Amino acid sequence: METGVEKGVLATNAGTGSALTQCPYCSVQCKMTVEETASPFGGRAVYRAEGAPNAASEGRLCVKGKNAHQHAASRERLLYPLLKTDGGFVRISWDEAYRVLRERLLAVRRMHGPDAVGVYGGGSLTNESAYLLGKFARIALRTRYIDYNGRFCMSAAASAGVKTFGIDRGLTNRLSEIPHAECIILAGTNIAECQPTLMPYFTKAKENGARIIVIDPRTTGTAALADLHLRVRPGTDAALANGLLKVVFEEGLTDEAFIRQRTTGFEELREHVAKLDLEEIAELTGVAAADIRRAAIAYGKAGTGMIFTARGVEQHSDGHMAVRNFLNLILATGKIGRDSCGYGAVTGQGNGQGGREHGQKADQLPGYRLIENPRDREYVAGVWGIDPAELPGKGVSAYEMMKLTYDKEIRAMLIMGSNPIVSNPNAALVEEGLAGLDFLAVADMFLSETAKLADLVLPVTSYMENTGTMTNLEGRVLLREAARPAPGESRHDWRILCELAEALGCGDKFAFHEPEQVFDELRAASRGGVADYYGITYDRLRREEGVYWPCPSPDYPGTKRLFEDGFAHGDGRAVFVAVDNRPPEEEADEDYPLLLTNGRLLSHYLTGVQTRRSPALAAREIENVMEIHPRTARRHRIADGALVQVTSRRGSVVVRSKVTEDIREDTVFVPMHWGGAQNVNLVTNPALDPYCRMPDFKVSAVRVVPLGRGASG
C-alpha cells in the first residue's frame, strides 16, 4: 500500500542528516530538529535534538523531548510481528499476522456476536490513526465497544466544557495571552513537571505583575511560583470553588452585565451558594477561610484572568462537577471571550485533544458528533458510504470495557498505543480480565506489560517515522512529518488498520495509501461538526505551522479565541450549575488512615513504556517512591528511603519512601509511571464519575507499613 519513505521525509539512511519533527510526549507538541550523525567509532548513529521555532513552546524543549529519540532508536523496538506459542513469542510474517487476526476475530464474532470484540486506543495516536480506529471498530468489526486511555485524561474537563459552553477545546484562547493576565489560577495542574516548556508564559505573567494562585495538596515546582498556594485536601476541589464563589458574590465582584446578557442559571447558583458556610468549606477542604477569601478577591478584582485545571481536579468521581464549578467562577466574573481571559483544560497526552474529537470515544463520531444523534449518524454514514442503521450504538468507558473483559462479555480485544494493565485503576482486575480473553492483539513499539499478555503483537512506527497531524492543548492542529524510514518490518498504525480491514473484507472503505488521504476524509467527516477541520489541509499546515479549529473553510483563518460573540449552545449562552459540597468518595478511617494521590514526574510519561527506553530519562528516576510528610512518617515509623507497602481496599504496592514537607500530613503521593509491584494503580479507586465515567484516581484511602528494616526508631 506504500513504498519507501513518505513524501516530506528527509532520508537519513546514509548515516547523517537533520529533520524537523515534533516531540511525542505532552500536549504542547513542541517542534524540534533531530540531527543524526555517523558514530566516530562506527556502529549505531548518534542523535541530537534541539528545540525549533514554533508558536506554542517558542523553541523550548524539555528533558523528555531532548531525549525522545533514544526510545525511537532503542534496541528494544519491536521490528516484526510476534505470535505467542507454548514456547513464547515467535516471529511471523505480516501475512500470517493478518491471517491470525482475521480467523481469531471472526471466530469470536461468530460465536458471541460483534460486541464480544473490543477496541482500545490511545491519546498519542495521530488524528489520522484515531479517526481510522473509530471507523475500523464500527465498520470492519461492527462493535460498539471502543474507547481509549484519553478517558482518564480529559473526560471530566471535556464533558464540563460541553455542558457549560457547548464545546470542548483545551484552551479557549491562545497561550500567548497568558503573560498579560492579571490573575491566574492553576488548579490541580503541575505544569512545571508535566508541560515544562509552558512555564515561561507564567513567569512572564508574574514579571508583569500577575497574581498566581496554585491549588494543589503538594508543594510542586509550579506551586513554588505561586503568590498564594492553597494546599487543598484531595477530592474537595468542588467545595473549594464554592468557597471562592461565595466570597466573589459577597464582595460584589460579579460581572452582572455579562451574566445577564450571556448566561443562564445564575440565580439558582446564587441562591445555592448563599446557603453555604465558608468556615465549613474551610474545614472540609483544609484551606483556611482567610486564604480562600484572599484568592477569591484577587481573581475577582483582576481586570483579566485565566483558570487552568488538570488531573488534580478532574480525576475524581465528581471531576465533572468540580470543573463546572471553576467554570462557574469564570462566568460569574465575565473572564472569558476576551483578551487574556479564559479557561484552559491542560491536556495531558500528545494528542489528547485530537484523539477525543474524531471517534475514539465510546459515544462519539468524527467532528465531535454524537453516535446516538440521528442527524450525526446519517451524516457520517454518508461520508463512509454505509447505511446509518449499520452503525452500532454507544459503548462504555475505558475502565468499564476492562470490567467487561473480566466478566467475559468482551472476549477479544485490539489494543493500539496504550498499556491498560498499568494505566487503569484496580489494575489487578484489569490484568486478570485481559489475560483471560480468548484473543488479545496489541500494536506497540515495545513489549509493554500489556503486550506481554497478548496472543499477537504488531510492531508500529514511532513519532520519528510516522507522518500525521496532532492537535495541541490550544486546539491548534499541527503536521508532524516523518524524519526517517521505518525500522525493520514495523508499520504505521493507520496502515495496519487499512490492511486488516482488507483482510476482514471491507478494504474498499479503507483504501488509503498516504496519511494525507486519511486526513482529507477526516476533514469531510468533521465538516459542520463542533470540531470542524474541513478548512485545514496539509498544505496549509506546512505553510502556516498550525491552524486552530473550528476552521470551516480553506480561506478561514482558524478560531484563535473562542466565545468572543457567543457560546456554542443553541441560544448562544453559557450555563451555570449549582454544585454541592461533598467529601471525597473514599475517606480515611481507622483501617486506612491516609489519603493516597498520584501524578507525574518530569522525566517520565504515562506508564513509562517509552521513557524507560531512553537511558538519559530512566537514570533520573530508577524506582517508584512515596512522598510522605515527616510527622506522618514518624507516626507510622517510616524512615526516609525505606521500602514501604501501601495498601488500599483493592490491593498493595511496594515503593520507597521519600520523607518531605512538600505534602499534606494526611496525604501520601505515589507517581504513576511504573508497572509490576510498583504500580500505584494496584491500589487506586475505580469509582466512576456519573457524568463522564472518569475513575477516581486521585483519592484512595490507604495504610502504609514499613518493610524489613525500613522502620524508623
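This is a predicted model: local features need pLDDT of at least 70, side-chain atom pairs count only at pLDDT 80 or more; totals for chains, interfaces and linings use all residues.

Trainee: Which strand do four bridges join to β19?
Mentor: That's β20, residues 476–480, and the two run antiparallel. Within that pairing, T469 stands opposite L479 of β20.

Trainee: And how many residues sit between the strands of that hairpin?
Mentor: Four residues lie between β19 and β20, and G475 takes a positive phi there, near 85 degrees.

Trainee: OK, going up a level. How many helices and strands does the chain have?
Mentor: The protein chain has 23 helices and 30 strands. Its radius of gyration is 25 Å, close to the 27 Å that the globule rule gives for 713 residues, so the chain is as compact as a globular protein of that length.

Trainee: What box do the C-alpha atoms fill?
Mentor: Roughly 70 × 65 × 60 Å, taken along the principal axes.

Trainee: What share of the residues counts as buried?
Mentor: 65% of the 713. The chain exposes about 24,200 Å², and carbon and sulfur atoms supply 48% of that area.

Trainee: What about contacts between residues at least 6 apart in sequence?
Mentor: Of those, 74% join residues at least 24 apart.

Trainee: And charges, where are their mean positions?
Mentor: The mean positions of the 84 positive and 90 negative charges are 2 Å apart.

Trainee: Back to strands. Which way do the residues of β18 point?
Mentor: In β18, residues 456–459, L456 and L458 point one way while V457 and P459 point the other, and all are buried.

Trainee: Does β17 run parallel or antiparallel to β18?
Mentor: Parallel: four bridges join β17, residues 439–444, to β18.

Trainee: Now helices. Why is α19 described as largely enclosed by the rest of the structure?
Mentor: Because nine of the 11 residues of α19, residues 493–503, are buried. Those are D493, W494, R495, I496, L497, C498, E499, L500 and A501.

Trainee: What do the buried residues of α19 pack against?
Mentor: Helices α2 (94–112), α3 (127–140) and α20 (515–526), plus strands β16 (412–416) and β18.

Trainee: What takes a positive phi just after α19?
Mentor: G505, at about 95 degrees.

Trainee: One more helix: where does T405 lie, and is it buried or exposed?
Mentor: T405 lies in α16, residues 398–406. Its relative accessibility is 0%, so T405 counts as buried. Leaving aside neighbours within four places in sequence, T405 is in contact with I410, M413, G433, L434 and L437.

Trainee: Last topic, then. What does β28 pair with?
Mentor: With β29, residues 695–696, in the antiparallel sense over two bridges. L688 has P695 of β29 as its bridge partner. In β28, residues 685–688, N685 and A687 point one way and P686 and L688 the other, and all are buried.

Note on methods
Residues are numbered from 1 along each chain as its sequence is written. Side-chain values use heavy atoms; hydrogens and water are left out. The radius of gyration is taken over C-alpha atoms; the globule rule is 2.2 Å times the number of residues to the power 0.38. Buried means under 20% relative accessible area, exposed over 50%, partly exposed in between (1.4 Å probe, protein chains only). Contact means heavy atoms within 4.5 Å. Accessible areas come from the Shrake-Rupley method with a 1.4 Å probe; for residues, only the protein chains shown count as cover. Lys and Arg count as positive and Asp and Glu as negative; His and the chain ends are not counted. The place of a charge is taken as NZ of Lys, CZ of Arg, CG of Asp or CD of Glu. Two strands pair if DSSP finds at least two bridges between them.
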